[in-house]
Amino acid sequence: MFSPTDTIVAIATAPVRAGIGVVRVSGPRAHAVARAILTAPHDFEPRHATLTRVRAAAARSPWSPGSSDPGNIDEVVATYFPAPHSYTAEDVVEISAHGSLALLREILRAAIGAGARLAEPGEFTLRAFLNGRLDLVQAEAVADLVDAVTPLQARVAFDQLEGTLTRAIGAIDRELFDLAARLEASVDFPDEGYHFVAPGEAAEALGRVRAGIDALLATSAAGRVIREGRQIAILGKPNVGKSSLFNRLVGTDRAIVAPGPGTTRDMLLETIDLEGIRLGLVDTAGVRASDDEVEQEGVARARRAATVADLVVVVLDQSRPLEDIDHALLRETASAPRVVAINKVDLAAVWASDELEAGTRDSGPGARDSGGGGTPETFSDGPTNQADDRLFARRAERAEIHAGWRNGAPRAAEGTPEVRFAGQRERDRAERSRAATHPVLLSLKTGVGLDELRAAMRGALEVAEPPRDAAMVTNVRHETLLSEARAAVARAIENLGQAGESASEELVLADLADARRALEEVTGRRTSEDVLRRIFERFCVGK
């Protein structure tokens with residue numbers, strides 16, 4: 001990828017004006033580069049801050065104490081971290097300067113002129129991985145921690161950086177290694193006819209391994225919701241309060257609200273924090289028949305948003321009679337995760353919410369009417385465009401790809417974090433079922449019902465906050481490799497069950513090797529350069 005022996009430099013803080021900015025230098029010549037561009041007359045003391053000045057790239061020349069150097073560009077604090085006690089496990093110098101981008105770029109040019117190379121994206125963390133300072137799970141957690149936009153995202157990423165998932169996978173791998181070692185011994189001494197492990201004992205050990213993998217995989221659905229966030233589409237006919245709800249949830253007047261219908265003609269997207277979950281909230285055009293081409297396109301985008309959203313909030317107006325389009329929206333979203341919000345309860349109601357509840361129960365999940373009851377307002381994929389594709393491109397990645405075996409996962413021991421987490425998941429499922437059949441009554445004018453709506457939305461997303469320091473799978477790469485490891489263990493158990501006492505150690509060993517290979521790819525003990533490139537190229541320069 002790039003030479004690990006170069007001395008590299010980059011701006012380590014965000015490229016915006018700030019009080020302080022940091023330039024990081026790492027590599028075998030980090031100390032020499034820092035001495036060349038800084039005016040300090042002595043070597044830097046390890047892990048001590050040194051107040052000094054920076055000479056500009058074009059003004060570096062021999063300097064003596066007391067001289068007036070016109071090339072000085074800033075007063076900085078330099079801290080030297082000698083290997084291996086640094087972020088990269090190499091010699092590192094961090095220069096804290098004033099946060100002007102012009103100044104930071106000048107310091108960068110000076111360091112490059114002194115022999116450093118501009119770092120590639122993620123190269124500092126890659127060196128930490130290559131030098132054994134972090135494993136691959138922890139390296140990915142660094143990027144997740146930097147990208148976190150909610151406290152819960154940051155907490156889960158930090159837990160992984162602390163090694164919670166690494167330790168859980170390591171415990172599974174150690175049991176596989178011990179079993180493989182005993183099976184190898186049986187293969188190495190075939191003439192003696194001695195088996196170092198009985199088939200029943202091997203099957204029992206493999207059962208424990210499979211249960212451990214299942215316990216990790218059982219956290220992946222909620223873990224990926226926390227890491228990746230979710231998309232929520234607000235849907236309804238014109239003037240039911242969709243944009244008002246959007247503004248309430250966002251916390252600012254982001255969408256235009258007007259008495260006339262058809263005010264919103266395109267999708268508006270904002271990111272919000274819903275109790276630790278990052279949500280992409282989409283306000284859509286009011287769904288209705290229209291001869292206006294622009295409004296038709298807005299309605300088509302609303303339909304497309306509803307089909308790919310992780311959750312649909314259908315907004316109804318209790319102060320106006322229900323129309324065919326309201327019933328069509330309820331039918332078309334019945335099989336999807338959904339929350340029904342009945343707005344304008346501060347006004348006189350022209351229909352009763354319990355009547356609607358009976359209707360939503362009759363058209364619950366699995367009862368979707370694809371025909372739309374003869375109503376022309378039915379959902380289809382609609383015309384696509386690049387904006388839509390970019391907005392919802394991550395939907396396919398977030399799809400559940402390993403749901404088939406999760407329902408049969410063995411239960412963990414009572415009192416463990418996995419059991420507490422599973423209990424919370426069951427409570428969330430109950431809340432999701434309740435939200436699907438019991439509409440939320442609210443008034444966006446007075447704010448009544450907003451807390452209940454937020455609770456219903458969170459419950460419908462099927463995510464529970466994990467216990468602190470509990471291992472959690474949040475990454476689709478980890479989920480895929482753990483599933484491969486489980487499949488290999490399942491093959492080994494099947495081979496043992498079919499062969500009984502005459503089971504072939506070679507066949508079981510081949511399955512165990514496949515399982516261990518997948519686990520080692522998770523932590524990076526065994527991985528390809530292409531995988532490393534894909535992982536680290538999404539890092540920012542300077543990290």
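Asp326 is buried, with a relative accessible area of 1%; buried here means under 20% relative accessible area, exposed over 50%, and partly exposed in between, with a 1.4 Å probe and protein chains only. The model is a predicted one, so local features need pLDDT of at least 70 and side-chain atom pairs count only at pLDDT 80 or more, while totals for chains, interfaces and linings use all residues. Residues are numbered from 1 along each chain as its sequence is written, and side-chain values use heavy atoms, with hydrogens and water left out.

Back to Asp326. Its side chain meets that of Lys237 in a salt bridge, 2.8 Å from N to O. The term covers a side-chain nitrogen of Lys or Arg within 4 Å of a carboxyl oxygen of Asp or Glu. Lys237 sits in the loop between strand S7 (230-235) and helix H9 (242-250), and Asp326 in helix H11 (residues 324-332), so the pair ties together parts that are 89 residues apart in sequence. Lys237 also counts as buried, at 2% relative accessibility. Helices (H or I, at least four residues) and strands (E, at least two) are DSSP runs, numbered from the N terminus.

There are 37 salt bridges in the structure. Another one joins Arg127 and Glu90, with the closest N and O atoms 3.1 Å apart. Arg127 belongs to helix H3 (residues 123-130) and Glu90 to the loop between strand S4 (72-81) and strand S5 (92-99), so this pair links parts 37 residues apart in sequence. Both Arg127 and Glu90 are buried.

Next, a pair within one helix. Asp530 and Arg533 form a salt bridge of 3.1 Å, N to O. They are three residues apart in helix H19, so about one helical turn separates them. Asp530 is partly exposed, with a relative accessible area of 47%, and Arg533 is partly exposed too, at 34%. As for networks, salt bridges that share partners join Asp6, Glu90, Arg117, Glu123 and Arg127 into one.

That brings me to H3. Seven of its eight residues are buried, so H3 is largely enclosed by the rest of the structure. The buried ones are Glu123, Phe124, Thr125, Leu126, Arg127, Ala128 and Phe129. What do the buried residues of H3 pack against? Their partners are strand S1 (8-11), strand S2 (18-26), strand S6 (117-118), H4, helix H18 (505-523) and H19, where contact means heavy atoms within 4.5 Å. After H3 comes Gly132, with a positive phi near 80°.

H4 and H19 also meet each other. The axes of helix H4 (residues 136-147) and helix H19 (residues 529-536) come within 10 Å and cross at roughly 25°. That makes H4 roughly parallel to H19. In the contact, Leu136, Ala139 and Glu140 of H4 meet Leu532, Ile535 and Phe536 of H19.

Finally, confidence. The chain has a mean pLDDT of 79, and 73% of its residues reach 70 or more; pLDDT is the predictor's confidence in each residue, from 0 to 100. Confidence in the chain is lowest in helix H14 (residues 394-398), at a mean of 41, and highest in S1, at 96. Over residues 361-416 the pLDDT is below 50, and this stretch has 97 contacts in the model beyond near neighbours in sequence. Where pLDDT is low, the predicted coordinates should not be read in detail.

Notes:
Axes are lines fitted to C-alpha atoms, for helices over the stretch in contact, and angles run from 0 to 180 degrees between N-to-C directions. Angles under 35 degrees count as roughly parallel, over 145 as roughly antiparallel, 65 to 115 as roughly perpendicular and the rest as oblique.
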